[in-house]
Structure formats: structure tokens, C-alpha cells
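Visitor: I'd like to learn how to read the contacts in a model like this one. Could you walk me through them?

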Amino acid sequence: MRPDSKPTPRALFRTFATAEMITWALLITALILRGTGVTNIVPIAGGIHGFVFLSYCVVTVFTWVNQQWKAPVGIAGLLLSVIPFATVPFELFLDKRGLLRGGWRLAPGGAAPSGLFEKAQAWVLAKPALASALLLAFVVLLFVVLLLAGPPVPKN
């Protein structure tokens, strides 16, 4: 891929769906290792999974806007992120039905954006480096806030 080229919606979504699945496996493995008394790497695996989970959710919404999915499809993508290993089958489902086909329709020279989400996406596609840095900062900030709030399941 050329440095100035952007990944397609399909490639971006597939990458994060796969990463989400891999980090589920990492987290489950860490839980098993902790449960068997081998070691406790749950905080590390949980942190990695949490970060990838948030990133997958952002990518899902970004793809949803671009591909103009109906609300049930986008909501399903978000909800399936909390089910271990469900993101890759969902990505395959979308791909098989052509719901990941095409490029970035709101990129410069493309369709005119309408509405808040499309205007935000058009801006992101026009300024990918700045948008990526801001988005990364947002995900890191959200991740830190969630870490400070504590684990989703309280310790006994």
C-alpha cells in the first residue's frame, strides 16, 4: 500500500474485527492462567483487549456511516463486540452480503456529506493524520478513564 493511500472500509473493518477476536483469545487465556494459578496477566490482557475493543467500536461506527448501513446492522456490530469471537463472523457476514464493498464515499472529491456524522467523517478523510492523532488521543483518554474507574467486574 502506498503511504498516501487509505485502507478500504473492508480492510479497516476486517483488521479491527480480527484484532478484537485475537484480544478476546488473549483475555480468555489470561483468565484461564489466573484460574489455574499459573500467573496473573489479566490486567495486561484486559488492558490490551479494552483498548482494541474501544478501537473496534470506533471503526464500526466509522464504517457504518460510510457504508450507510441500516441501524440494526450497525447496532449489531457494536453489540457483537462483547461476545467472544463474534466480530470476525460478523465481518464475514457483512462481506458476503456486499456491505463492506467500495471505498470511502465521503473522501475529498466524493459524495457531499449531509448530517453531523457524515460531515465529521468527511473531515476525517480529508485530514487523516490529524484525525488519527486526535482519535488515538480520545481512545487513550477514554481508556485511562475506564482504567481509573476499575474493572467491569468488581473483585470479591
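Guide: We'll go through salt bridges, nonpolar cores, aromatic pairs and helix packing in turn.

Visitor: What should I know before we start?

Guide: This is a predicted model, where local features need pLDDT of at least 70 and side-chain atom pairs count only at pLDDT 80 or more, while totals for chains, interfaces and linings use all residues. Residues are numbered from 1 along each chain as its sequence is written, and side-chain values use heavy atoms, with hydrogens and water left out.

Visitor: Fine. How many salt bridges are there?

Guide: The general idea first: side chains of opposite charge can pair when their charged atoms come close. The rule here asks for a side-chain nitrogen of Lys or Arg within 4 Å of a carboxyl oxygen of Asp or Glu. By that rule the count is 4 salt bridges.

Visitor: Which residue forms a salt bridge with Arg10?

Guide: That's Asp95, with the closest N and O atoms 2.9 Å apart. Arg10 lies in helix H1 (residues 9-35) and Asp95 in helix H4 (residues 87-96), so the pair ties together parts that are 85 residues apart in sequence. As for helices, they are DSSP runs (H or I, at least four residues), numbered from the N terminus.

Visitor: What about Arg105 and Glu118?

Guide: Their side chains meet in a salt bridge too, at 2.6 Å from N to O. Arg105 lies in the loop between H4 and helix H5 (116-126) and Glu118 in helix H5, so the pair ties together parts that are 13 residues apart in sequence. Glu118 counts as buried, at 12% relative accessibility.

Visitor: On to the nonpolar side. How many residues does the largest nonpolar core have?

Guide: A nonpolar core is a set of buried Ala, Val, Leu, Ile, Met, Phe, Trp, Tyr and Cys residues joined through side-chain atoms within 4.5 Å. The largest one has 17 residues, and those with the most contacts inside it are Phe13, Tyr56, Trp69, Leu94, Trp104 and Leu125. H1, helix H2 (42-67), H4 and H5 each give two or more residues to this core, and H2 gives the most, with 5 residues. Apart from it lies another core, of 5 residues, including Leu27, Ala30, Val42 and Ala45.

Visitor: What is Leu125 in contact with?

Guide: Contact means heavy atoms within 4.5 Å. Leaving aside neighbours within four places in sequence, Leu125 touches Lys6, Phe62, Trp104, Leu106, Ala107 and Pro108.

Visitor: How many aromatic pairs does the structure hold?

Guide: Rings of Phe, Tyr and Trp (its six-membered ring) pair if their centres lie within 6.5 Å; planes under 30 degrees apart count as stacked, over 60 as edge-to-face and the rest as tilted. The structure holds 6 such pairs. One of them is Phe13 with Tyr56, a tilted pair at 5.6 Å centre to centre and 50° between the planes. Phe13 lies in helix H1 and Tyr56 in helix H2, so the pair ties together parts that are 43 residues apart in sequence. Phe13 is buried at 0% relative accessible area, and Tyr56 is buried at 0%.

Guide: Phe13 also pairs with Phe90, edge-to-face, at 6.2 Å centre to centre and 65° between the planes. That pair links distant parts of the chain, with Phe13 in helix H1 and Phe90 in helix H4, 77 residues apart. Phe90 is buried, at 6% relative accessible area. Ring pairs link Phe13, Tyr56, Trp69, Phe90 and Phe93 into a cluster.

Visitor: Last one: at what angle do H5 and helix H6 pack?

Guide: Axes are lines fitted to C-alpha atoms, for helices over the stretch in contact, and angles run from 0 to 180 degrees between N-to-C directions. H5 and helix H6 (residues 128-149) pack at about 115°, with their axes 5 Å apart. That makes H5 roughly perpendicular to H6 (65 to 115 degrees). Trp123, Val124, Leu125 and Ala126 in H5 meet Pro128, Leu130, Ala131 and Leu134 in H6.

Technical notes
Buried means under 20% relative accessible area, exposed over 50%, partly exposed in between (1.4 Å probe, protein chains only). Angles under 35 degrees count as roughly parallel, over 145 as roughly antiparallel, 65 to 115 as roughly perpendicular and the rest as oblique.
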